[in-house]
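Here is a briefing on one protein chain. Look at the model first, then read the points by topic.

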Amino acid sequence: MELLLLPWALLLLATAPGPGPWPAADAQQSCSFRCGDLGALCSCHPTCVGLGTCCPDMRDFCLEIQPYSGSMMGGKDFVVRHLTWSGPVDSVICRFKESVQTLGYVDSLGRVHCVSPLLYETGRIPFTLSLDNGRSFPRSGTWLAVHPSKVSETEKSQLVNETHWQYYGTSDTRDALSLTWNTSALPTDHVTIELWGYEETGKPYSGEWMAKWSYLYPLATNVPNSGIFSFTPNPASQNFQRWQVGALRIISSEHYLGKKDVHALWSNEHALAWHLGDDFRADPVHWARTQCLAWEKLEDELPNFLGELPDCPCTLAQARADSGRFHTDYGCDIEHGSVCTYHPGAVHCVRSVQASPQYGAGQQCCYTADGTQLLTADSTSGSTPDRGHDWGSPPFRSPPRVPGLSHWLYDVISFYHCCLWAPECSRYMRLRRSSDCRTYRPPRLASAFGDPHFITFDGANFTFNGRGEYVLLESGLTNLRVQARAEPRTRPEGLQDQGTRLTAVAVQEGNSDVVEVRLAPGLGGLQVLLNQEVLTFAEQSWMDLKGMFLSVAAGDSASIMLSSGAGLEVSVQGPFLSVTVLLPERFLNHTQGLLGTLNDSPIDDFTLRSGKVLPPTASSRELFQFGVDWAVKNASSLLTYDSRLLANNFLYGPKHDPTFQPLFFPEDVTPSPGQETEADKLCGDDHFCSFDVAATRSLSVGNATRVAHQLHQHRVQSLKPVVSCGWLAPPANGLKEGSKYLMGSTVYFHCNNGYSLEGAEVSTCQANGNWSYPTPTCQPGRSHTVLLSIIFGGLALVVLAALLYVLLQRRKRNMTPWTSQP
């Protein structure tokens, strides 16, 4: 990989500021067709702004747009900033991914606009711009297409009482339906409201399997743009009945019906109950049951995708901590009130981040308030895996990988058929059964925080406060690399600390994008860079990137989820970055760097590049040399040098600064006399906290270190392995009590009337992962209740007979004999 990166490094050395002459800021070379290039005379690379080396026309050709994101459904109007056009207004063409073209336009102020197209994928979509009616496309930019559920509500039309729309025609659900929208989002006097349908055609899992949105028919044409429309739906004609999933689109009445890729407002995709035929309205249960049975038949013919899904975490704590492989399901989020419509009884659900490799399927895991996993085998509230991952997966357009929509076709509409519109939910749950956690293995984690302090994957800990850029982690398994920059902090009074702090962390896996998270210069909070370009999160906090997902929260934390299941959590803690790396178990014996050698043994965590191993008892000065040994090399650096300060300090100088003299623990650590008591009270037995108070003379810095350390310990505790014995079935013709299957859990068994239990009545999950007893059987025969009834009934008869006998004998003794008189 170093050889692949070497050209980039050489170009940067040629154009970025260094000891030699700087490129002239006004060098006369154009960025036409060159966006992203470093160049020789002037640069068109994002780093040129801070370096002062940009070509003078960079903003004219390397486009900035506003807004920069919108639904993958298309129809979003965006303006190209810093570009005005006085030429022909009908010559603007916008081309996305070199294949999809839309017509742009020039407004009255001379600003150039594009309209995003209907896409079948999410992520950063490259686009080019032609101002000569398509003869050349010298200008380029990037559009962010997002999952429809992540689009702001103000940018969509709203189905008033969406449940009413999706149940229309069932259980006396009738009356008018209403649609509302923000009129300012579609500036026109009159609008047309259309229905579009979604389908996937062709043989499943073949090259002929295709996704397609189709215009179906209008609901209204040329109506005032009032922001509300109500109507009473009539059944659609038979030729439209095959579409059961779709969305409404509102466009200007200036466009002809069904015109693609024009400014539009879309509704949420939904079940089209309201447009289904008379046969549905006459007997919706029978109609839905027929659909459910047809789906069941099709599913039995399709490949079984369940086997390639990851097992769910065993507990809610594990599910929330395993952030590299699982992420919150927004339909059931404990942070937003646990509104779990389809999983009553759950407080939180997560989805697997990555789709399964062969079938593009997704896992879902739901949990109760006490952290117990909900299984469909026990309840219809259980978590249900998906044939189509809700977030989709590359190559996207190929089903079932279309974000959101494939999931609707194969997992959601079938739930309506089987569970919501007909009482056939057992059929759905059979084919979408929950995964238990018997084979789940929590990830291993390592952290770096504070001055900085390191806790390795195997639990060794040390302090290395060098100044420079260092390798936190390398793994040849997936060519995963994590690098960090450490710099001293300047105190408010102007003095420099004798320790350092992490100020930037960068990661790449294989040929993925490079993401760097760093302290925002002079602003506080985080700054995130993608391939050396600073990102903005004003519109979206989630991005689908090449080989990873990125999520940013509140400007002070970032989660990076890699395709291998590895994850990074980077956050601001006081004046420094705190970073945690999570690795799945398959990385065992495949890591090196400052975060150690993952092999369940801390004795070789201090391994040098040469293979030499320092003992766990190595002194702080010896461990300092261990850190120095893992300095980054220029040819393989992932970090960004977009200012003269960074370039001079870290690109042209040595990657490790040998002139910087840090403090060493414990010999150099002496707390300030006035802070000793307060430091002891704050830090207790946390020596990381004590070290940082002494090194920085700041209790607040020490407290930030203490909090970061506690967060690491909490994650370790949350990810502790637990023993699961797996789901235990109830006996046929009986039932069980208990739905917990972790070590120490107990399950009780009972038989129905008319059956007797053969086997143990109770089974307990043992430490070896086995149940103490298997599920018993319920054999036809007299149950205990029936036998007891017979016994007590027989005794009652005996007692009654005895009483009658005694009474008769008494009567006989008390009778006077009768005789005749002579």
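Ser-267 touches Ser-157, Leu-159, Ala-247 and Leu-248, not counting residues up to four places away in sequence; contact means heavy atoms within 4.5 Å. Ser-267 lies in the loop between strand 16 (264-266) and strand 17 (270-271). Ser-267 is buried, at a relative accessible area of 6%. Buried means under 20% relative accessible area, exposed over 50%, and partly exposed in between (1.4 Å probe, protein chains only). Helices (H or I, at least four residues) and strands (E, at least two) are DSSP runs, numbered from the N terminus.

This is a predicted model: local features need pLDDT of at least 70, side-chain atom pairs count only at pLDDT 80 or more, and totals for chains, interfaces and linings use all residues. Residues are numbered from 1 along each chain as its sequence is written, and side-chain values use heavy atoms, with hydrogens and water left out.

**Two other loop residues**

- Asn-182 sits in the loop between strand 11 (177-180) and strand 12.
- Asn-182 counts as partly exposed, at 31% relative accessibility.
- Leaving aside neighbours within four places in sequence, Asn-182 is in contact with Thr-154 and Leu-265.
- The C-alpha atoms of Asn-182 and Ala-321 are separated by 39 Å, and the two residues are 139 apart along the chain.
- Lys-203 belongs to the loop between strand 12 (190-201) and strand 13 (210-224).
- Lys-203 is exposed, because its relative accessible area is 58%.
- Glu-208 and Trp-209 are in contact with Lys-203, once neighbours within four places in sequence are left aside.
- Lys-203 and Thr-380 are 177 residues apart along the chain, and their C-alpha atoms are separated by 31 Å.

**The chain as a whole**

- The chain has 15 helices and 39 strands.
- Its C-alpha atoms fill a box of roughly 160 × 80 × 50 Å, taken along the principal axes.
- Of the 822 residues in the chain, 55% are buried.
- Among contacts between residues at least 6 apart in sequence, 61% join residues at least 24 apart.

- Strand 28 (residues 526-530) is mostly covered: five of its five residues are buried.
- Leu-526, Val-528 and Leu-530 point one way from strand 28, while Gln-527 and Leu-529 point the other way.
- Strand 27 (residues 515-519) runs antiparallel to strand 28, and five bridges join them; two strands pair if DSSP finds at least two bridges between them.
- Glu-516 has Leu-529 of strand 28 as its bridge partner.
- Strand 29 (residues 533-534) also runs antiparallel to strand 28, joined by two bridges.
- There, Leu-529 stands opposite Val-534.
- The hairpin of strand 28 and strand 29 has two residues between the strands, and in it Asn-531 takes a positive phi near 50°.

- Four strands form an open sheet in the order 1-3-7-6, with antiparallel pairing.
- Its edge strands are strand 1 (64-66) and strand 6 (105-106), each of which pairs on one side only.
- Strand 6 and strand 7 (residues 111-115) run antiparallel and are joined by two bridges.
- Tyr-105 has His-113 of strand 7 as its bridge partner.

**Helix 6**

- Helix 6 (residues 284-301) has 18 residues and should span 26 Å at 1.5 Å a residue, which agrees with the 26 Å between its end C-alpha atoms; the expected span is 1.5 Å times one less than the number of residues.
- Its buried residues are Pro-284, Trp-287, Ala-288, Cys-292, Trp-295, Glu-296 and Glu-299.
- They pack against helix 5 (278-282), helix 8 (405-420) and helix 9 (425-431).

**Cavities**

- The whole structure holds five cavities of 30 Å³ or more; on a 1 Å grid over the protein atoms alone, a cavity is a set of points where a 1.4 Å probe fits but cannot get out, and lining residues have an atom within 4 Å of a point.
- The largest cavity has about 100 Å³ of space, where volume is the space filled by probe spheres set on the points.
- Strand 9 (139-146) and strand 30 (542-545) are the elements that give two or more residues to its lining.
- Residues lining the largest cavity include Leu-144, His-147, Lys-150, Trp-391, Trp-542 and Asp-544.
- The lining divides into six nonpolar, four polar and two charged residues.

Terms used:
1 Å grid on protein atoms, 1.4 Å probe; cavity = no way out; pocket = protein on both sides within 12 Å on 5 of 7 lines; lining within 4 Å. Nonpolar A, V, L, I, M, F, W, Y, C, P; charged D, E, K, R; others polar.
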